[in-house]
Amino acid sequence: MVRFIIRRLLFAIPTLIVISMVIFAILDFAPGDPTGNLPLTVPQDVKERIRESLGLDQPTHIRYVRWLRQFFVVEPQYIIEDLTGLQLINPEDPDAPVRILSWQTRGPVFDLIFQRMPQTLLILGLAYVFGALLAIPVGVYSAYRQYSAFDNIGTFITMVGYSVPTYFSGLLMIIIFSVQLKWFPSFYDTTLEVTNWETFVQQVKQMIMPVTVLSFFNAAQVSRFMRSSMLDNLNLDYVRTARSKGLNERVVVLIHVLRNSLIPVITLLALQIPGIFGGAIITEQIFKVNGLGQLLITAIQGSDIPTVQTLTFIFAILIVIFNLVADVLYGILDPRIRYD
Amino acid sequence: MATAPASLQVDEKFELGEHRSLWGDVWLQFRKHKGALFGMAILIVFILAIYLGPFLYTVDAAYIDPIVANQGPTLAHPFGTDNLGRDMLARMLSGGQISLSVGFTAMLISLSLGVTVGILAGYFPILDNPLMRLTDMFLALPILPLLLVIIMLFRDSLRTAFGPETGIFLLIVTVIGATSWMNTARVVRGEVLSVKQQEYVTAAVSIGTVNRRILVRHIFPNVLSPVMVAAALGVANAIITESALSFLGLGFPSDYPTWGRLLFEGKDFINLTPTRVVWPGVAISLTVLCVNFIGDGLRDALDPRLRGR
Amino acid sequence: MKKYLVLAMSAIAAILLVACQPQTVEVVQEVEVTRVVTETETVVEEVEVTREVVETVVETEVVTTRGQGGRVTVIYWQAPSNLNPYLSGGTKEIDASSVVIEPLAGYSETGALVPKLAAEIPTIENGGVGEDLMSITWTLKEGVVWSDGSPFTAEDVVFTYEYCSDPDAGCSSANFYEGIASVTAVDDLTVEVIFEEATPYPYTPFVSAQAPIIQAAQFADCLGAAAQECTDQNFAPIGTGPFVVTEFRPNDAALFVANENYRDPNKPFFGEVFWKGGGDAAAAARAVLETGEADYAWNLQVEPEILNQMVLAGRGTLVSGFATNVERILVNQTNPDPALGDDRSEYLDGNNPHPFLSDPVVRQALSMAIDRATLTAVGYGDAGRPTCNVVPGPAAFVSTANDECLTQDIEGANALLDEAGIVDTDGDGIREKDGIPLVILYQTSTNSVRQATQAFIKQWWAEIGVETELRDIDASVFFGGDPASPDTYGKFYADVEMYTNGSSGPDLQAYMGGWTTDQISGADNQWLSPNVPRWYNEDYDALYLQMTQTADLDERADLVKQMNDLIVQDYVIIPLIHRGSISAHANTLLGVRINAWDSEMWNIADWTRAEN
Amino acid sequence: MQKILDVKGLKTRFHTQDGTVHAVNGVSFDVAEGELLGVVGESGSGKSVTMMSLLKLIPIPPGDISSGTAEFNGADLLQMKDEEIRDIRGSQIGFIFQDPMTSLNPVLSVGHQIMEPLRAHLGMSKEQAQARAVEMLKLVGIPSAADRLADYPHQFSGGMRQRVMIAIALACTPQLLFADEPTTALDVTIQAQILDLIKRLRKELGMAIVWISHDLGVVAGIADRVMVMYGGQVVERADVKELYASPKHPYTLGLLGSLPRLDDAETRLTSIDGRPPNLLREPLSCPFAPRCQYAYDRCHKENPALEHVKAKLSGNTHEVACWWDVEGDAPRYGS
Amino acid sequence: MALNTNEVLLSVDNLKMHFPIYAGVFRRQVGAVKAVDGVTFDVYKGETLGLVGESGCGKSTTGRAILQLYQPTDGTVAFKGTELTDLTGSEMRKMRPNMQMIFQDPQACLNPRMTVGSIIDEPLREHSVADANERRERVNQLLEVVGLNPMHANRYPHEFSGGQRQRIGIARALALNPEFILCDEPIAALDVSIQAQVVNLLEDLQQELGLTYLFISHDLSMVRHIADRVAVMYLGKIVELANQDVLYREPLHPYTQALLSAVPVPDPVLEETRQRVILQGDVPSPANPPTGCRFHTRCPIAIEKCSQEDPVWREFHNGHWVACHLVD
């Protein structure tokens, strides 16, 4: 297993390097201009100077190498400093390496990302957890009672769940619950700190709609998967063996079948984790949750290339890592698989 | 040689069941899936309406008439009008053409890429590793941001090259197709690996059939099942992706009313003329729902375990 | 936790320190309600604009103390990315920072100069402006301190000049500090600015929220290229304004609390400003007008009928302010034919005229065919007014000579073209001039209102026998300055294009200078010069030269009108709509005076809340 | 000897989309204490379905046990509630399946799978169950049994897995064991090992066994009585020596004739032509009639019942369901 | 039974088929599954050579390596004097009509997406210049030869029963008039009553067409029935080869003896008295075969030498080959 992980990690390096080059190249060719959103009253020569101050006049390969260095050398130092309190970089040093700065905010991209992470993780994480918690029992029961009324209704609802785009269902929710009933706020307040019961209620209120929409969507996906995985297993010989031993149905389904069926589902869940960090661009947009997804889309719109590059590259790393995690999980959960 | 050996005479008694082709069998099974049938029926109605509708309902989707702006359904405008007084029904019909064409074309692109890569990787061991690493890399690329960037990047050059409509259409379907083929490739590869082990492939080799014909005659037809399911899901995925792009304001330009675009433009009017949101929202959801149901039905119908149950 | 402590302490401090004194609060509220009267059988015959100006001077015995009003929530759906206006230049950053840092003087909602950190506005009369127009001397208010308690001095002003004029800083207001020979601190409260040449309008440096004073002590290490890396400073500048930054989340939200060192001991009324971003304009409008979650929402570029419907909920009011922004169509005077290669849309000393748009008759017909009122009603509502001038304000500068264009005249346009012999000769419904069909490529940026406008105009132009091909380009490309892109507005590889522009302040000299011959956009200046239509007019050049040497306001106004008429009556620029800013505030929020000339937050210190 | 299982008129159908599959059509048989009943038939003859129906191990629906009784120790299995039959499964009736590769749960340890019935039926503690599991593994001849409890099925070879299956089936020392083609998937040398094991266990534990197989050779070596099934019906039943010495049903005859003998290479095989019966048709006539060389009108019209006939060997019983007397070469009951 | 000549049709010499095993971080080859590890035998024209052994012993691999469906690791295969292992792809393609194959699984060996007619037509299309009509004639003829109704040529394989499908497979193998047919467990997946049909068909065809069979099977009874000579394989090697009557009467190798004794006989009387040699344990892994004689780990009579020296493959009698130290 260890050798398998090492092997996969070694393979990940060239993959990630190629990805970083692709990302950098695509973004570099992108036609946007960070000064494009400035009012026309700002004269063009001023804009030109702004572009120079952002380093846009330097050749691509130099910026790429600098960015790589910033990403892999400079930023980790800052993160370690933050976590441990050690002083790795002398702030007085005029040649101290520069962090990756966002063109829009002129602030370090990593700070922005860390600032955006809590709300994204909270909402998407909760939606993910609720989705899975809802989906697994539904999927199990639907498969167990295949073609029963529960299964048919469940199938229909889950189908609707992932057929109705979140921007449509989200829109309807806002109109019903924020505008008409005024139960929940239509804006998500990221500055809210939960200090007492009241602020806790406030926090819950502002999370209900986005979490509901997303968990419904997640649950729909996972429960379909769970159901078909259960169906794959329910007809296998070992289930008959378990029944022939006189075990009761609960044990047969929950110990024998579920155990086997969960293996692909858990790996699917692992593969979905990078998505949590990626943020739900559209849902965040609709419910005004300024999370990572919103950061990405505003960065794209504002041609904030360092932010887009860094974010997408982090997503790529997460995807690679969680692909590996999924494979490792498979090996752990399924005794038949031995990686070497 | 002309006479059969004596041991075989009785075989005249062989009886065969009612002649059913393989796809006939699939269809029979598919028919059992009520959701899929329902989905198929609605989708056919949609397609007919969208492609034949404009011949019957000849209102110009682009005609502006501020006098009748922001109307709900009326006799003159059965689906109401938008804020410029354009007829929503006409816009829905022409939008549907684009949305569905995007769905199907993107699916075809994604499928042909996925099937090609999958078959090559599965059949030729030499290509397997490089192609699968390529697939892994595409899977690890953060698709949505790149999608957005690519669209912004090439939108205008393609518009200039192919005209405003074809250009953006090509771009969107290519981009959606080129970023959604990986799962098909993986599934097809897996399937090819198992089909390759089947004795009928060995039989073809032992006959002396060349690789090209083995691929075309033996491998490809037998990996069609997962491909068909992937096709159905691919259409749904492409329609959703296109509408999501439009919803972010990055899909088709505003004078090009896809359903996603209509929904995006209508969303602010949800209180004023709710129909502007309802029609495109329901159209997208229903189409995707139908396609998903069809995919589900196909999956069941093509599943050898379930067949003949 | 900490911020609540600070809040409570400052509130207590305010209560203890400030004696309760009666106060006069002047509330000027401009309420404009635009209603589009539509009747099914008739064409939109008119757009009735009801404008009601409620001007009330409320005499109150109400005792307001600093921080008493609690929290006020402001939605800027496009959230500020930092709080240093010198590094961003966008309205959202300028407005957000203006609650913290202040200029020496700003503009009121009428465009009049009002002192902020200056004791008064220097003029020739009071000796503040040199007779030779070569200098201006600002006297600062006494006793102003930064929010950290340190005194505000002339050195800070000088530092601000050094900061922004450094070419490596990438200062987006650098043009405010151009043409300055020196800025010197005469004493702690006096700053003298010497210009390089006679400057008839000397109120550009240190004036308006785009050119506020930053604290020398805080930004000392941020000069030149280092400006980019001063994240802490850029995210939380120390200021003299009514509020202090306590939390700043770029592109998301910000929290400000009342500045306990603010020079007016009773202000601000609100103890906390919650600045929220994200979502879109419609959602922001909804939050103020319908759900009441927010008190103020900025830049509500939403279809007017939606806003009007939201207003019916009775929670909030729409307010709009107008400066000089005009949505206009620019008519290319040069030939953009791609066959010309590098010479397309190049002026070439007048040797590359447009095949038919160089004919003023065609241009006039195009203008006449447009119904500006409909465009305004459908696309802009309260945020726009039909206009026929490129200079729609300030009032004294506005010409009235062109107002007949406000009425659409398709018949007249057709007659004009027929008369000029530009008729449809081959029966395809498109007129030809000298055998060349009038087919126009019409480009603009991608934006739903602009595309609607394009669609309308295409329809109208079709009625006068002109065919139009529409094209829209992503805003960041269209307005970006990439010389390699063929799609920038400066390159103008189209027959006509449409966008909004205006003067950066009430002084119009720089704006008017944009149409002189030496400013023609082209390859030699990387298409960065402002004369985008490639228009050449000797009279105009002469008038502009005269303006640069005239200090008298009335004379300047007269010159501006003449220049405006020259350009508009030549139809190289077809003005469409005078665009304003439209915002909404809760009915309980008092004291809002929307200002299009300066930050909308210019008087946030005076905002109060009505008792419920 | 005491009958411990007495099945009468069992009918099982499957309602599929193509129609109703008549899988078991009125099967009656009994098993005496300690007896080994061999059940022989080709695929689709209904032999497995019969046994699984008795324990309700067929999926219902689409399966449907439409009639019949099955008395086990005096109680009717077919009338039992789900909980009651669960108590019988595994504890009083054990089951071994054909394919040891798929019949064990791949993600549970072998020990867990053996301990499950012990804990469910006998209420053993974990320690007791563990001890018993080791004992069982030793009993079925798995070397270093105690160390292998924690192993997973894939770590065992096919033969060893079948031993594990036997250990599971016998863990609660059932009175009756259904062995559904337990050696079919195994190689001959391993099959010999398993047969040997079963014979030994039978001697030691004394349970009755119903041994399903398509291999007449295997059954010949192990069974006391043999029952031949075709098309969901019992076509012939006799004591083992009687059946092999004097097969009376044309199908049995054909089956034996089509089997090559290791001890005789020269004879040409007599094949049964045609194809297996179509179970979608209701069995109103003899299911073997279309392939039967002796078939005459009656065979195509009426379905014969299983009747006692005279045995060749004395002291044996012999039953056959056929309208034709093969030995007499004439209709059995006149016409 | 088939006519016997002494003409060698196929000569296999020291054939080895090793499948590499890769492992480790860099996927280096760490070993090989020695599926076939040096087998030598001849097949005479017109005879049926039976190749028996338990699953995993390499009998199918041997067959496929002979037909060059795998690239043999070592050794030679000569068909009528032509060395097959030296041929290029297209040369081998030209040889294929002479040597055809019948498969174990009648379900899996027919492409479910092709009609029966086109399945049988495929070899004709690949190798003959006949036009469509001539080929259709030939397909119909072949269907009749294997006892199927030519009317059913446009049906799909799934519409046929197992035995009928196996006939389709046989028809395909016969299409090009081969001299040699490799029968790879052709009856293993069929019901007993159907097995006899297929075996009888194969015998009849051999008689009529003078075919040569290499008949691979695990069913010793059936091999005895059909084969003229029988080779017994154990773990990648042939341990004994003799005429069928000799082999079954006097098996020399202890494995052959055990194997024969393990086969149940459908005669309860005989079964009662038969003495069995029951082998202990399982077949070792071909990836890591035992040293010396591969059978020594399970051999009831093994001596020390067996675990050290690989026994020589030698002709014990006239035509009776064996590899065992203990046979004298």
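How many residues does the contact take from chain C, and how many from chain A? The contact takes 60 residues from chain C and 51 residues from chain A. The model is predicted.

**Chains C and A**

Between them, chain C and chain A bury about 4,400 Å². Carbon and sulfur atoms carry 53% of that area. On the chain C side, the residues that lose the most area to chain A are Gln228(C), Arg249(C) and Asn251(C). Together these three account for 13% of what that side buries.

The rule finds one salt bridge across the interface of chain C and chain A. Arg49(A) and Glu178(C) meet through their side chains in a salt bridge, with 3.8 Å from N to O.

**Two helices of chain B**

In chain B, helix α7 covers residues 182-197 and helix α9 covers residues 211-222. Their axes come within 9 Å and cross at roughly 125°. The angle lies between 115 and 145 degrees, so α7(B) counts as oblique to α9(B). The crossing of α7(B) and α9(B) is right-handed.

The table lists the residues that make this contact, by helix.

| Helix | Residues of the helix | Residues in the contact |
|---|---|---|
| α7(B) | 182-197 | Glu191(B), Val192(B), Val195(B), Lys196(B) |
| α9(B) | 211-222 | His218(B), Ile219(B), Asn222(B) |

By type, the residues of the contact of α7(B) with α9(B) divide into three nonpolar, two polar and two charged. Val192(B) and Val195(B) come from α7(B), while Ile219(B) comes from α9(B).

Conventions
Residues are numbered from 1 along each chain as its sequence is written. Chains are lettered from A and ligands numbered from 1 in the order in which they are written. This is a predicted model: local features need pLDDT of at least 70, side-chain atom pairs count only at pLDDT 80 or more; totals for chains, interfaces and linings use all residues. Side-chain values use heavy atoms; hydrogens and water are left out. Axes are lines fitted to C-alpha atoms, for helices over the stretch in contact, and angles run from 0 to 180 degrees between N-to-C directions. Helices (H or I, at least four residues) and strands (E, at least two) are DSSP runs, numbered from the N terminus. Angles under 35 degrees count as roughly parallel, over 145 as roughly antiparallel, 65 to 115 as roughly perpendicular and the rest as oblique. A crossing is left-handed if the near helix is turned anticlockwise from the far one by less than a right angle, and right-handed if clockwise. Contact means heavy atoms within 4.5 Å. Ala, Val, Leu, Ile, Met, Phe, Trp, Tyr, Cys and Pro count as nonpolar, Asp, Glu, Lys and Arg as charged, and the others, Gly among them, as polar. Buried area is the accessible area (1.4 Å probe) that two parts lose on being put together, summed over both. A salt bridge is a side-chain nitrogen of Lys or Arg within 4 Å of a carboxyl oxygen of Asp or Glu.
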